[in-house]
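Definitions are given where a term is brought in.

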Amino acid sequence: MRRKCRAPALAFAPTVTSASAIAPARGFAVSRAFAAAVGFAAVLTGLWPLAASAQGSQPGSAPVRPVTEPVTSGFNIFRRLAGGSGGAEANKAALLAAYPGAFRFEGNHAVFPSGTRIVWDDGRTKSPDQLLTDPDLEDMFHYPYPAGAGISPPGRDQDPGRIRNDTFFRALYGASEGDVRSTLVAVPWVPSLGGGRLMVTRRFGVDRQLSRVSAELERLPPQFHTFLVPSAGTFNWRAIAGTNRMSVHSFGAAIDINTRHTNYWRWDAGNGGGTLPYKNKIPLEVVKIFEKYCFVWGGRWYHYDTMHFEYRPELLPDCRRN
Ligand SMILES: [Zn+2]
């Protein structure tokens, strides 16, 4: 039985606006202490801060200032490297619960009714690039997703939700453009703001969850509306720019909000090789509503894509109950 909004079960962390209010690290894994220390040192040496200003606000409306979470204590970094999940079995359970009935586990493999078998853990240790280009299913949980947290620059290469096993997503949503198109339905997008209709998949209730996002976003005060319309699109069968990996837009399970306020790492990357200055103008209030209904945000990635949200319930425990 589904509940309508206002479900108290999903305990989002409170909005954090000052260093003193940062939640203590949980479950810090000693084996990762060195990596955390390196990341923290990077912060101290200047990768920081580039929190965005509130440019682009609509004339006549109060500017919406993105909430940034000061990270001088380094707690954020610890929290992100800490795992946060309950380990392999809990992650397997989260994956099963996220896509009910789609597959089952047989030992080290996810097995789909079509016969598609995908390895859970290939036993390999991977570089950040290899995690993106050749992930097993377990790798999709490599960076814990900081649901409901304040907005702050992710540590180097921390891309929670950006790691996706292509075969898995094709098996979930459709292996061809035609297969996916046959699952699409039109969802009114913030209709009181004239957002039109967006085509998304009905697989796993993505359409219903996006409708709930839309209804709750409409209730935000007017200064937030500029971030929502026009939407830059949902379904689009294509590879991710600069890669041969399929975008989640291909599966009708992602949405881009207004490009006017977006920041995208490729636009800022220069000649590559250096560090990326984090940029964001999307307010936390908008992000939290998407996360409540199972959409992860590209603004929580080191390789940021701040207009992008995609349906990833395996990374947002209990969101399907909302
Ligand atoms: Zn996108």
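## Sheet and helix packing in a predicted model

The protein chain has 9 helices and 8 strands, where helices (H or I, at least four residues) and strands (E, at least two) are DSSP runs, numbered from the N terminus. The model is predicted: local features need pLDDT of at least 70, side-chain atom pairs count only at pLDDT 80 or more, and totals for chains, interfaces and linings use all residues. Residues are numbered from 1 along each chain as its sequence is written.

Of the 322 residues in the protein chain, 39% are buried. A residue is buried if 20 or more other C-beta atoms lie within 10 Å of its own, exposed if 12 or fewer, and partly exposed in between, with C-beta atoms placed from the backbone. Among contacts between residues at least 6 apart in sequence, 69% join residues at least 24 apart; a contact requires C-beta atoms, placed from the backbone, within 7 Å.

**The sheet.** Three strands form an open sheet in the order β6-β8-β7, with antiparallel pairing. Its edge strands, β6 (254-256) and β7 (295-297), each pair on one side only. On average, neighbouring strands here are turned by 25 degrees against each other, direction ignored. Two strands count as paired if DSSP finds at least two bridges between them. The pairings on β8 (residues 308-311) are listed below.

| Strand pair | Sense | Bridges | A residue and its partner in β8 |
|---|---|---|---|
| β6 and β8 | antiparallel | 3 bridges | alanine 254 and glutamate 310 |
| β7 and β8 | antiparallel | 3 bridges | valine 296 and glutamate 310 |

Isoleucine 255 stands opposite phenylalanine 309 in β8. His308 and Glu310 point one way from β8, Phe309 and Tyr311 point the other way, and all are buried.

**Helix α9.** Helix α9 (residues 284-292) lies across β7 and β8 and runs at about 145 degrees to β7. Axes are lines fitted to C-alpha atoms, for helices over the stretch in contact, and angles run from 0 to 180 degrees between N-to-C directions. The helix is mostly covered, with 7 of its 9 residues buried: Leu284, Val286, Val287, Ile289, Phe290, Glu291 and Lys292. The cover over these buried residues includes α7, β7 and β8. Cysteine 294 follows α9 and has a positive phi, near 85 degrees.

**Packing of α7 on α9.** Helix α7 (residues 206-218) packs against α9 at an angle of about 150 degrees, and their axes are 9 Å apart. That angle makes α7 roughly antiparallel to α9, a label for angles over 145 degrees, whereas those under 35 are roughly parallel, 65 to 115 roughly perpendicular and the rest oblique. From α7 the contact uses Val213, Glu216 and Leu217, and from α9 it uses Val286, Ile289 and Phe290. By class, these residues are 5 nonpolar, no polar and 1 charged; Ala, Val, Leu, Ile, Met, Phe, Trp, Tyr, Cys and Pro count as nonpolar, Asp, Glu, Lys and Arg as charged, and the others, Gly among them, as polar.

**Helix α5.** In helix α5 (residues 166-173) the buried residues are Phe168, Ala171 and Tyr173. They are covered by elements including β3 (117-119), α6 (177-181) and β5 (197-201). Just after α5, glycine 174 takes a positive phi of about 135 degrees.

Terms used: Two residues are in contact if their C-beta atoms, placed from the backbone, lie within 7 Å.
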